[in-house]
Every structure is written in C-alpha cells, then in structure tokens.
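Work through the following exercises with the coordinates open, and try each task before reading its solution.

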Amino acid sequence: MTLLKPHIFFLIILMIVISACTPQQAPVPVEPDEEVAEDLLVAAEPVVTLRILSQPLPQTSVEQQLANEKFTPETGIGVEISGPPYQFVESKMKEICATASDAYDLFEIDSQWYGGVVSANCIEPLDSCLEKLGIDYDETFVQPLATYNGRWPIPEAVLRDPEMWKEYIDQPVYFVPWTIGTMILGYQDELLAEAGYDDPPATWDDFRDVARATTDEVAGRYGLGWYASRTRDSITLQWLPFLISYGAKIWDGVNWQADRVINSPEAVAACEDFVAINLEDGSTDLGTANWLVDDLLNGAYNDKYAMNFTWLNFAAAMDNPDVSQTAGRWKYAPLPCYTNSSCAATYSSQGIGINANSKNKEEACQYLGWLLSKDTQTDLINQPTAGFASARNDLLEMQMADEGTARWASLYSIINGYGADLWTYPEYAQLLAVQQNYLNLAYIGQLSCKEALDQTALLQQRIMDTSPNNPKNQ
C-alpha cells in the first residue's frame, strides 16, 4: 500500500477542518409558477368531503361531474353522490334517520318521503342557510311548486291553486328544488300523422281514439305504453291524472278521509275509463300490468308503441341515439284532459335537504348555494342527458322557448296548475301498498273498479284513523 507524503496528508486534514467550520447556507426557496400552484391545489385532498344520498336518475351523474369540475376546485370541498337502487333509497334514509347517523350530509329525495324525515327530526331547517346565501326562497323559485317542494306539511291542492301557497310562507323550508316536472305525453308524430292525426290528443276520449288508431299488429306496435305494475307506485302514477281530471281526489287531507273520496263516483268513472284502455281497447300490451320503468323504456327504445306516459328524465333516455332506435322521433305534450278545463298530471316533487345530524352543515349549505345558482342550473339545463328542468324564475323563459320538447311540456303543466301528487305523510307507504294492489286487480279485470276502490277506501281509512299524524289523534 502506498503511503501519502506528510505534506499532502496535512493539506487533506486542513481542508476537512475548514469545511466543518464553515456555516452551511440555507437553500433558496423556489416559488412555483401560478400554473403549477393551481395544479397542486386541485390535486390536493379535500379537507371535507360531502356525502349525498341520491337517486339513480340521469341528473345524478351530471351533477357529480359538475361538482368534480367546478365546485370542488373552487371550494376545496369534495362531493360524493351515491345511493342504492331507487327501491332501496327510502329504507336507507330511514336507517340513517333512526340511528341519527352522520354518514350522509345531504339527501336528494322524493316528496313522499318528506313527512318521514321531518317527523324523525333528521332534516335541518334551511331558513338560516338560505338567508346566509342571500336567497329569497319565495321569490327565487316558481310558485306554487316551490312551497310544495320545500315546506311540509303542504296540501297537494297547492299545486293547482295559484294563491294558496301564500298561506304557508311562515312554515320552515326543509328542502330546495332538486328536480321538478310532471308526467307528460310522449308521441311519435309521424305515426300519429299516418293514422290521420296532426296534433297530439287533447282529451281522454281523443287519447283512446289515437291509441286504437296507432296500434299496428303487423308491425308489432301498440298505440300506448305505460307501466302499470302493483310494484312501488307504478300504476298509481298512470291513474292519478285520470282521477284528478275527472274531479276526484286521492284523499281529503283536511279531515283525513279516504272513504267516499277515493271511491267517489268520479273516482270510479276515472278508473273504468283507465282500465278500459287495457281490457277493451286492445291498444296497450296486456303485459303492462307487470311493467316497471325499464320495460317502458325498452319499449320506447325498440319501437313497441306510438305514445307513452313519460317523465322529462325518461325522455332524455328515449332521445339518446346510443340506446334508442327511436331517438329523434319523439315529441312531447301535456297529458290529455277530461275536458278542456279539467287537466291533471302526476307531479314529480323532489328536493335536496341537509341531514340534521351532519357534521358538515356549513359546507352542505355552501353546496346548496352552488347547486341552486343560476350558472349551475344553466349547466344542468344545457346537458341533454340530465333530463333536468330548473325551478328558478329567471330561467323559466329560456326553458319554455322550445315548444314540443319534454322540458316545455313539463313546465307548461306545472305553470298551468296541472300538478297532482300523493300523500307526503309517514303513512304514505301503507296507503300506497293498498291502492296499488286493488288498482292492479281492476286493471287486469279481477275486480270491478267499484269493488277495487271500495276495498281501497276501507283499508286506507283504517290506516288514517289510527295515524298519530291525524289531527283527531293529537
């Protein structure tokens, strides 16, 4: 091994000592440019993630996309919209309320469920939130639907009375409009024209005539498609426009009365004409007695009927060329009337509210402000796959500009007071189950309408008489 010479060894030792004694200079910080800083901000994990229990409607996925693209980058608040299949959403919500869970921060729910969540004290009143956001609820949204959509309890008759809503403005707001609409008439205008009809049917008598005339056994096409199963609220949604336009009512909500209301002579007449479309006219598939939403949509996709009862969000699917061979053939109109002055359409009242047990109420309120804003509502309107109509007054004219579209037909029905809805009290599921069963039996000819509605009235009255929400029991 070669030894270092003494003077070289001394120099090496000297350099080590000098290096150790020299103070180290702190690194100079490098400021990232603005673009890099923005990328880092967007990529950062949100401090809070809002969880929203929702329904599997076309609007839901579009709302999630917009939240990801705009709300989260702007606020740093994450959003996760999810939920089970529709038939399980209500039971999931009841579970959350019963356990006072904070697993979800907001609910996007049907009006039938309003009474259950409000009674369970798991919905936060929104008045202070709206004040903080600077939103005047009664002025911002179309009335009377805003009152019906947001406050509880509100009589269903509010939807058809342009002044009644003012009697309820002192009640708290629990929900804000999430999606709005009514059942509408979808029709293939070319098929109607071939049968000699230039316009959609205006009355129920016209409707039956057109349905018969457009039924084509050779083509394997019926005049009408709708879903009339006893499952969930299927057949009730189709029958309700007949019931209300014939001058009957679903119940007497003031006196909690079903007997002599749901089985009134007008209700029986509405039922008889409704079931005759299936049993006498031959203008709809007998299988509609078991149809659900998927069956209705598959029928539209595969050109199985000329007309249907549909919703705005269903129309978005029917007009989607990726799934429907009839896309582009459909036009839309309000549902027919009993007479020119007696019209009704099943109302789809869905709201979004804050879980009273949420730990993120401030962020949830911020989300509502973003969702209800004119910009976000416009984005939802402009996305055809969302099947969305806004309840904002300042967007109404724009939405009504294109006559013959599904959005126009739905909003026309709302503005003109056609809206009709079911019960919004916690007992609604029991009342509905009874009605569904007996209506379906009448629809397939197992009972007369009189027998079916008398039995419905008897059993529903028992439920109403024992309800803790009945004023007589308080």
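**Exercise 1. The overall fold**

Among contacts in the protein between residues at least 6 apart in sequence, what percentage join residues at least 24 apart?

Solution. The model is a predicted one, in which local features need pLDDT of at least 70, side-chain atom pairs count only at pLDDT 80 or more, and totals for chains, interfaces and linings use all residues. Residues are numbered from 1 along each chain as its sequence is written, and side-chain values use heavy atoms, with hydrogens and water left out. With contact taken as heavy atoms within 4.5 Å, the percentage is 72%. The secondary structure comes to 20 helices and 12 strands, where helices (H or I, at least four residues) and strands (E, at least two) are DSSP runs numbered from the N terminus.

**Exercise 2. Overall dimensions**

Solution. Next, take the C-alpha trace, which spans about 120 × 60 × 45 Å along its principal axes.

**Exercise 3. A helix pair**

Determine how the axes of α19 and α20 are arranged, and classify the residues of their contact.

Solution. The axes, which are lines fitted to C-alpha atoms over the stretch in contact, with angles running from 0 to 180 degrees between N-to-C directions, come within 9 Å for α19 (residues 428-443) and α20 (residues 449-465), and they cross at roughly 170°. The two helices are therefore roughly antiparallel, a label for angles over 145 degrees. The residues of this contact divide into 11 nonpolar, five polar and no charged, with Ala, Val, Leu, Ile, Met, Phe, Trp, Tyr, Cys and Pro counted as nonpolar, Asp, Glu, Lys and Arg as charged, and the others, Gly among them, as polar. Among them, L431, V434 and L439 belong to α19, while L453, L459 and I463 belong to α20.

**Exercise 4. Two residues**

Is E156 buried or exposed, and which residues does S467 contact beyond its neighbours within four places in sequence?

Solution. E156, in the loop between α8 (145-150) and β4 (176-182), is buried because its relative accessible area is 14%, and buried means under 20% (1.4 Å probe, protein chains only). A polar atom of the E156 side chain lies 3.2 Å from the backbone nitrogen of D421. S467, in the segment after α20, is in contact with W256, E427 and N473 beyond those neighbours.

Key. Buried means under 20% relative accessible area, exposed over 50%, partly exposed in between (1.4 Å probe, protein chains only). A polar contact is a pair of N or O atoms within 3.5 Å; within protein, one must be able to donate a hydrogen and the other to accept it, and residues adjacent in sequence count only if both atoms are side-chain atoms. Angles under 35 degrees count as roughly parallel, over 145 as roughly antiparallel, 65 to 115 as roughly perpendicular and the rest as oblique.
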